[in-house]
Amino acid sequence: MLIVILSAAKNLKLRKILRYTQDDSISYTDKGNAMSFNESTVRHIAKLSRIALPETQVPIVTERLQKILGFVEQLSAVDTTGVVPMSSVSHVTLPRRADVVTDGGYPEAVLSNAPEKLHGFYVVPKVVG
Amino acid sequence: MAELTQLTLTQALDGLRHKKFSATELTQAHLDTIATRNPTLNAYITLNAEGALAAANAADTTPGDGKLLHGIPLGIKDLFCTKGLRSTAASKMLENFIPPYESQVTQNLLDHGAIFLGKLNLDEFAMGSANITSAYGVVKSPLKGNNDNELCRVPGGSSGGSAAALAAHLCLGATGTDTGGSIRQPAAFCGVVGLKPTYGRCSRWGIVAFASSLDQAGPMARTVEDTAILMQAMAGYDAKDSTSVNVPVPDYRATLSRGVRGLKIGIPKEYQMDGMAPEIVAAWQRGEQVLREAGAEIIPVSLPHTQYALACYYIIAPAEASSNLARYDGVRYGLRVPADNLNDMYSFTRAAGFGEEVQSRILIGTYILSSGYYDAYYKKAQQVRALIARDFTEAFQKVDVLLTPTAPSEAFRLGEKQDDPITMYLNDVFTVPASLAGVPALSVPFGLSPNGLPLGLQVIGRGFDEQTVLAVGKVLESTNV
């Protein structure tokens, strides 16, 4: 098996983002509504979620998720005109920290749980052709 | 020395201080009880017998000066990363994960001399209300109803292992985490005390993340005083958690017995819901009576958006979970299912590593955050959350705390409420609003159902006013029959 060794998780993240934009550019035309949520939606979100969902599970999962979406649909009854969305309960502004290295220098510990590693690097399947 | 497990944490501290027994004896007594009872209850996923005895020996040979928990054996919810001790989040995904670092809250407990007996079972990634979604098997409550022939009750969830272990005397105190009720509802089901602190009071650093704007670590114990001591050791500012709030931690034990005279206790009318068990309503009214007789003023209040809290929560929590759980990709740690290409490796790994409930929530969260749906679901839920939080702010201008039931029923049987996800979610109907508002809330045992199972009352307080919440809980506890 050919392997590509990535030196940092940052690179991996970047690659993932690139792949996502190539693969998943399907756009929705219908707006949020539990009725339009069907098996093809489930296949699509399973793909976005990177969860291999067996075809036999699709109808079961669809029904389950439809129930949940049907339940949360009740929020549309609340008048939220002009309400500022609340993203955090903390009223403090996020602190800034000095841009200095405060941690690190132990690659063995960082790699200690790696499913596959080689010469101080994580190993993943080939990602470039 | 099984009688040592019958002590409260406070009594054990006293016994250790007066050298009535050693930390080694205390720890061994708990390990023995675990060996007998855990095979049935399944409260612990991983035991730390050797480590615990080594720590007990160290506690016996060093002075405990100033340490709050010197020589006290605790159980740790398996959502906290513990250095060198397997931390699974009750998921197959982390079956072999051995953290190279210690979570800040457990580090605080270690610094105070606590001994870790092992890692307690929970719902997978803390997603559940009955401790039935763990990849390491269900937890059984050690409590039986009058007509139960065998152990058949759920301990609640997600901190079900913590609550069951306390009720069965498999530890003197435990850590829990609470995202929508995961400390309070299992505490109520198992007849123990659980405190969800104010968001920002305890560091989230090193706790496996579920929904970061809601997750909060907190103490669970058999008495309010034990809970206050644990809280003292766990709380505190941590620069490594950007949402940790830098305010002084008061002495919780000092104000514990100050009573409720002159306090204003709010009774939110919206918590009176259709289909509530009559024994829950009765316990709630009795709690009101007890506080009134102890000198508090009872004031009816309204939190008008309460009915939307659960729907709001089941948008925000899965949305944040889908983002947090994106990290489990089989690359740096955790399970990996090998495949020829990276994309298949991700998909196969995540399908094999996550259980049904976790997959469900990731899928819902992904849908909610996807292009075209974000405004309709996530933004809407954040707006409703602001309204729910405002309800609390307005109520706390009139009253000092709120009194409500913790859960809408007694502990139900294993296998019940599993036909439909919404039925299970309804368990959290009274606990979710305080989570969304970020305010502290305590569950304290209060009375029994006609089946002889414990019920819990919830005391909700102003942000960072855990002291008043604990003092009210102490009064309720003193009259609990």
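Two strands are said to pair if DSSP finds at least two bridges between them, where strands (E, at least two residues) and helices (H or I, at least four) are DSSP runs, numbered from the N terminus. The views below come from a predicted model, in which local features need pLDDT of at least 70 and side-chain atom pairs count only at pLDDT 80 or more, while totals for chains, interfaces and linings use all residues. Residues are numbered from 1 along each chain as its sequence is written, and chains are lettered from A and ligands numbered from 1 in the order in which they are written.

**View 1. Strand β6 (residues 216–221) of chain B and its two partners.** Strand β5 (residues 193–196) of chain B pairs with β6(B) in the antiparallel sense over two bridges, and G194(B) has M220(B) as its bridge partner in β6(B). Strand β4 (residues 173–178) of chain B is also antiparallel to β6(B), over six bridges, with T175(B) opposite P219(B). A residue is called buried if 20 or more other C-beta atoms lie within 10 Å of its own, exposed if 12 or fewer, and partly exposed in between, with C-beta atoms placed from the backbone. Six of the six residues of β6(B) are buried, so the strand is largely enclosed by the rest of the structure. In a regular strand the side chains alternate between the two faces of the sheet. Here Q216(B), G218(B) and M220(B) point one way, whereas A217(B), P219(B) and A221(B) point the other way.

View 2. Six of the six residues of β3(B) are buried. Strand β1 (residues 44–47) of chain B pairs with β3(B) in the antiparallel sense over three bridges, T46(B) having K119(B) as its bridge partner, while strand β2 (residues 73–77) of chain B runs parallel to β3(B) and is joined to it by five bridges. A nonpolar core is a set of buried Ala, Val, Leu, Ile, Met, Phe, Trp, Tyr and Cys residues joined through C-beta atoms within 7 Å. The largest such core has 173 residues, and those with the most contacts inside it are L74(B), I115(B), C312(B) and I315(B). Its largest share, eleven residues, comes from α9(B).

**View 3. S158(B) in its loop.** S158(B) lies between β3(B) and α5 (160–167) of chain B, and is buried, with 34 other C-beta atoms within 10 Å. Although S158(B) and S182(B) are 24 residues apart along the chain, their C-alpha atoms are separated by 4.7 Å. Two residues are in contact if their C-beta atoms, placed from the backbone, lie within 7 Å; leaving out residues up to four places away in sequence, S158(B) touches S182(B) and others including D123(B) and N131(B).

View 4. The buried residues of α3(A) are V61(A), R64(A), L65(A), I68(A), L69(A) and V72(A). They lie on the same side of α3(A), because they cover an arc of only 135° around the axis, taken from the directions from the helix axis to the C-beta atoms. The face turned away from this buried side carries the exposed residues P59(A) and E63(A). The cover over the buried residues includes α2 (39–48) of chain A, together with α9 (309–324), α11 (356–368) and α13 (421–425) of chain B.

**View 5. The side of chain B that touches chain A.** In this interface, 59 residues of chain B are in contact with 48 residues of chain A. The most, twelve residues, is given by α12(B).
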